[in-house]
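Please read the following points beside the sequence and the model, taking them one at a time.

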Amino acid sequence: MHDIRFIRENPAAFDAGLARRGLSPLSGQILELDAHLRAATTAKQEGETLRNAASKAIGVAKAKKDEAEAQRLMGEVESAKKTIEEQGRREAQAQQALETLLSQIPNIPADDTPDGPDESANVELRRVGEPPRFDFAPKSHVDLGEALGLMDFENAAKLSGARFVALKGQLARLERAIAAFMLDLHTTEFGYTEIAPPLLVKDHVMFGTGQLPKFVDDQFTAARTVSRQELLLQALDRFDDEFAARAAAGPVKPSQVMSDLLETAPTREDFWLIPTSEVPMTNLVREQILDEAALPLRMTADTPCFRAEAGAAGRDTRGMIRLHQFRKVELVSIATPEQSAAEHERMTACAEEVLKRLGLAYRVVALCTGDMGFSARKTYDIEVWLPSQDKYREISSCSNCGDFQARRMNARFRAAGEKQTRFVHTLNGSGLAVGRTMVAVLENYQTADGTIRVPDALRPYMGGLEIIGA
């Protein structure tokens, strides 16, 4: 979410930031809605002031037995009430329209984010390691896994449709080993705290990290029907407070209160399946005021992730590169504005270290404005070498979101001795995508006979196994 005060004071700079994203100017539309909102708020407050003053004056007039003045003042009170109601409606409408517009506008790029329309303008920063050379034609991970009988797309499709896989035996263990290796590295050496977050979240959580409302089509939902017994228990929990509130306004029947509570209770409970554990982990600090001394907070999690891949039709349809369900070790940092740039570099280095320990060649690129994610102001992609494709493919994105997500979550911090609070900065990155790491291991460590050498770093997690498929 964007700071409306910044837009008021810097409309040209805001539009210039949008232009770098390839978007048309929006400050005029935003400020027009903001003006309507402020005008309605002012008019409502003036009505409230007039009502309060007139209400007090009525008592004075009646004390003086000036009935004519009292009647005139009561007319003013009634008129003020109508103004308050009307301006309150206008205020709510303008607030909703402004928030809806702001919620769909991506983050403004950092000054040092490269400009460009798409991935062709991304800037390579470094290459690490040398791609392996084979004296045979390297196979894809699909051909390797299926030949070993350990990677089953056909039967997974019978269960769930396209873009799912069932791993078996040594490959199922390899996936577990990769995730455990990553978690151990990030927690014991890099100081991240391991989190086991919920996989099902509510609307406001997805909104907080920017998945909603703009990317609703990319998400999977889950729902359940609330039983009659649950509805009754919920109504009983709310009954005392609801009855007391209504009784304060006048006579009310208990049976009517219970009937209304049952009638208005939601009969369905809706959730979103997390597209990444960034979503629940980042939201762990929502609506909080943190102590600056506790920052940066660093968290990591290994979870399943679920993505509809609505915009990926026809891309990577074969194999494990782009699945609807996949496993990922995620890194999240909550930092002060002064810490976030250095934290971004640190997080990227932590993700890179996984590839270094696995002996996989990779490169790091700075994403341009046209290829960057919705919530990010600056992003580094780490791309690992895949022999079957003869190119580097993304295995991690590490992004600094500034205060963009924090504003949506109302996550703030306070420095010692200060009353004023500020919004935190949030950062996230894959540390790494487990499935894509497995793809890279299979392809880079394959042998001429179709078996796979296990990287040294993973052997302790594989019970000392050195060759998969032998």
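1. Helix α2 contributes the most to the lining of the second largest pocket, giving 3 residues, and both α2 (11-20) and α13 (404-409) supply at least two residues each. Helices here are DSSP runs (H or I, at least four residues), numbered from the N terminus.

2. This is a predicted model, in which local features need pLDDT of at least 70 and side-chain atom pairs count only at pLDDT 80 or more, while totals for chains, interfaces and linings use all residues. Residues are numbered from 1 along each chain as its sequence is written, and side-chain values use heavy atoms, with hydrogens and water left out.

3. The second largest pocket holds about 430 Å³ of space, a pocket being an open set of points, on a 1 Å grid over the protein atoms alone, where a 1.4 Å probe fits, with protein on both sides within 12 Å along at least five of seven lines. Its lining, meaning residues with an atom within 4 Å of a point, comprises 19 residues, of which Phe6, Asn107, Ile108, Arg377 and Asp403 are the closest to the centre. By class, this lining has 8 nonpolar, 5 polar and 6 charged residues.

Technical notes: Grid points are joined across faces, edges and corners, and a volume is the space filled by probe spheres set on the points. Ala, Val, Leu, Ile, Met, Phe, Trp, Tyr, Cys and Pro count as nonpolar, Asp, Glu, Lys and Arg as charged, and the others, Gly among them, as polar.
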